[in-house]
Amino acid sequence: MVGSAIVRRLARENCEVLTTTRAEVDLLDQAQVRSWFARERPDAVFLAAAKVGGILANDSLPADFLYENLMIEANVIEAAHRVDVAKLLFLGSSCIYPKFAPQPIPEEALLTGPLEPTNEWYAIAKIAGIKLAQAYRRQYGRDFISAMPTNLYGPGDNFDLRSSHVMPALIRKAHEAKLRGAESIEMWGTGSPRREFLYVDDCADACVELMIRYSDDVHVNVGSGEDVTILELTRLVCDVVGFAGEIVHDLTKPDGTPRKLMSADKLAALGWKPRTTLEAGVAETYRWFQAN
Ligand code: GFB
């Protein structure tokens with residue numbers, strides 16, 4: 001989802017875009033990654049590839065989330081260093097921050113407290129990615145930087161109800177309930193956790209800005225600066241989809257972290273802000289879902 005959005009955004013830049021498929025290069029395989037980099041010799045790298053998923057996938061596949069993300073980061077960052085890549089942007093996640101971090105969360109909150117248990121495996125891998133970028137900066141003078149996006153959504157998202165994040169799950173559930181003429185849809189948990197959402201094309205735009213203009217040790221939060229409760233989000237999705245039934249709770253599913261609104265100050269100081277409202281982004285994502 002993020003990689004495709006970055007490719008769409010790069011169409012407006014004067015550059016040649018190099019991509020590859022999972023079938024051609026398995027990022028878990030060090031030899032394949034090194035030979036791709038040695039052959040293609042990119043000037044700049046957006047490292048958006050990752051093993052990702054929603055709260056249930058994170059909670060039930062800890063080994064996959066930790067191992068695969070560590071391998072992808074280590075293989076790509078070391079390969080980029082070996083062929084003298086001039087700039088690399090690593091993408092992390094807002095779940096790197098402590099479960100009870102001050103809100104809105106400043107970049108400095110990293111490693112100041114215990115993580116949210118449902119996604120600590122993924123978070124540890126992403127923290128290692130930030131540290132890899134910093135370490136190659138420090139030891140080898142590489143211009144490797146990191147961005148921490150909030151919960152992203154948009155075209156190309158995963159709509160599988162077991163492994164997806166909340167946004168695509170709700171869009172699919174509301175759509176199918178509407179078609180079936182169902183009386184209700186199920187929302188996991190209490191609905192009270194707050195989440196910050198960013199449309200993926202806005203995230204891609206921020207990534208390109210950072211790639212061109214930012215060069216520092218400290219990672220940069222990439223968010224919208226606003227959050228909503230999961231219940232508010234569920235109501236919004238139902239409105240956009242046109243489902244007027246009831247919302248019922250599935251309290252056997254976890255809530256996860258109570259709130260993770262990131263401070264948008266650092267990115268705002270660089271002159272960047274998102275363009276897409278939550279309403280417009282959900283509507284666009286629903287159009288994509290129906291078409292695909
Ligand atoms: O998006 P989500 O799966 O992940 O869930 P996190 C966010 C909230 O939505 C949780 C609730 O409180 C869920 O219980 N929710 C309600 C639902 N209905 C649903 C549903 O049908 N499906 C899903 N998936 N959730 C992830 C992390 O945390 O956020 C990752 O696990 C990553 O590591 C990602 O950081 C950005 O926001 O809780």
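Setting aside anything up to four places away in sequence, His81 touches Tyr136, Tyr140, Arg142 and Phe144. Before going on, a quick reminder: what you have on screen is a predicted model.

So, where does His81 sit? His81 is part of helix H4. And is His81 buried or exposed? It's buried: its relative accessible area is 14%, and the cut-off for buried is under 20%.

If you're wondering about the general background, nonpolar side chains tend to be buried together in soluble globular proteins.

Leaving out neighbours within four places in sequence, Ile96 is in contact with Leu110, Leu115, Ala123, Lys126, Ile127, Ile130, Met148 and His219.

Follow the chain out of H4 and you get to Asp84, in the loop between H4 and S2. Asp84 isn't a glycine, and yet its phi is positive, about 60 degrees.

The loop between S2 and H5 has a couple of things to show you. Pro104 is found there, and the peptide bond from Gln103 to Pro104 is cis, with omega near -10 degrees. Leu111 lies in the loop between S2 and H5 as well. Leu111 has a positive phi, near 60 degrees, and it is a residue other than glycine. Is Leu111 buried or exposed? Leu111 counts as exposed because its relative accessibility is 57%, and the line for exposed is drawn at over 50%.

On to the ligand. How many residues surround it? The answer is 22, and the closest are Ile55, Lys173, Arg195, Pro254 and Asp255. By class, that shell splits into 10 nonpolar, eight polar and four charged residues.

Let's look at some distances there. The side chain of Lys173 has an N or O atom 2.7 Å from an oxygen atom of the ligand. For Arg195, the distance from a side-chain N or O atom to a ligand oxygen is 2.7 Å. Then there's Asn119, with a polar side-chain atom 3.5 Å from an oxygen atom of the ligand. And how covered up is the ligand? On its own the ligand exposes 700 Å², and the protein buries 98% of that.

Which elements give two or more residues to the shell? They are helix H3 (55–60), helix H6 (166–180) and strand S5 (184–188). H6 contributes the largest share, three residues.

Asp227 is placed in strand S8, residues 227–229. Asp227 counts as buried because its relative accessibility is 12%, under the 20% cut-off. Its side chain makes a polar contact of 2.8 Å with the side chain of Arg259, and one of 3.2 Å with the side chain of Arg194. Asp227 and Lys260 are 33 residues apart along the chain, and their C-alpha atoms are separated by 8.4 Å.

Last stop: Thr276, in the loop between helix H9 (265–269) and helix H10 (278–291). Thr276 has 26% relative accessibility, so it counts as partly exposed. Apart from residues up to four places away in sequence, Thr276 touches Tyr199, Asp202 and Gly281. Take Asp202: it's 74 residues from Thr276 in sequence, while their C-alpha atoms are 7.0 Å apart in space.

Technical notes
Residues are numbered from 1 along each chain as its sequence is written. This is a predicted model: local features need pLDDT of at least 70, side-chain atom pairs count only at pLDDT 80 or more; totals for chains, interfaces and linings use all residues. Side-chain values use heavy atoms; hydrogens and water are left out. A residue is near a molecule or strand if one of its heavy atoms lies within 4 Å of it. A polar contact is a pair of N or O atoms within 3.5 Å; within protein, one must be able to donate a hydrogen and the other to accept it, and residues adjacent in sequence count only if both atoms are side-chain atoms. Accessible areas come from the Shrake-Rupley method with a 1.4 Å probe; for residues, only the protein chains shown count as cover. Helices (H or I, at least four residues) and strands (E, at least two) are DSSP runs, numbered from the N terminus. Ala, Val, Leu, Ile, Met, Phe, Trp, Tyr, Cys and Pro count as nonpolar, Asp, Glu, Lys and Arg as charged, and the others, Gly among them, as polar. Contact means heavy atoms within 4.5 Å. Buried means under 20% relative accessible area, exposed over 50%, partly exposed in between (1.4 Å probe, protein chains only).
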